[in-house]
Each structure stands twice: as C-alpha cells, then as structure tokens.
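Hi,

Here is the structure I promised to pass on. Have a look at it first, and then read my notes below.

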Amino acid sequence: MRRLRAARGLSQEALAHESGINRTYLSSVERSERNVSLDNLARIASGLQIEPWKLLKGD
C-alpha cells in the first residue's frame, strides 16, 4: 500500500481523506499493526484508484 500511495504522490493524510478513513487508522494498517476489514480495503483501493485485489496481491 505504501508503494502504491507513494507512486501516486499521495501523503497518508491525502489518501485518508480520499478514502474517508482516519489517517491514524490508515497509518497503522500501512505499518501492518492493524488488520483491515474488506469495507476499508475497498475504501483505500478507491482512494488509490485501483481494484481492491491489487492491495491483496503479493510482490
């Protein structure tokens, strides 16, 4: 998620705003400190303008 966000030139705050998610929550998900629900996964994907499965795909 961090690489996709950075590739689009978005800060955590900007992505949180675009996704409708709290920045602190987004930050903890990005650091793998918190599990993300499917609803929030879809919101983050929408903010990144990608399909949700791309966030699940391994490198």
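**Salt bridges**

Arg 5 and Glu 30 form a salt bridge, with their closest N and O atoms 2.8 Å apart (the term means a side-chain nitrogen of Lys or Arg within 4 Å of a carboxyl oxygen of Asp or Glu). The pair links distant parts of the chain, as Arg 5 sits in helix α1 and Glu 30 in helix α3, 25 residues apart. Helices here are DSSP runs (H or I, at least four residues), numbered from the N terminus. Both Arg 5 and Glu 30 are buried (buried is under 20% relative accessible area, exposed over 50%, partly exposed in between, with a 1.4 Å probe and protein chains only).

A quick word on the source: this is a predicted model, where local features need pLDDT of at least 70, side-chain atom pairs count only at pLDDT 80 or more, and totals for chains, interfaces and linings use all residues. Residues are numbered from 1 along each chain as its sequence is written, and side-chain values use heavy atoms, leaving out hydrogens and water.

Glu 30 also forms a salt bridge with Arg 2, the closest N and O atoms being 3.2 Å apart. Arg 2 is in helix α1 (residues 2-7) and Glu 30 in helix α3 (residues 23-30), so this pair ties together parts 28 residues apart in sequence. Arg 2 is partly exposed, at 45% relative accessibility.

Arg 31 and Glu 33 form one of them, at 2.7 Å from N to O. Arg 31 is partly exposed at 42%, while Glu 33 is exposed at 55%.

Cheers

Terms used
Helices (H or I, at least four residues) and strands (E, at least two) are DSSP runs, numbered from the N terminus.
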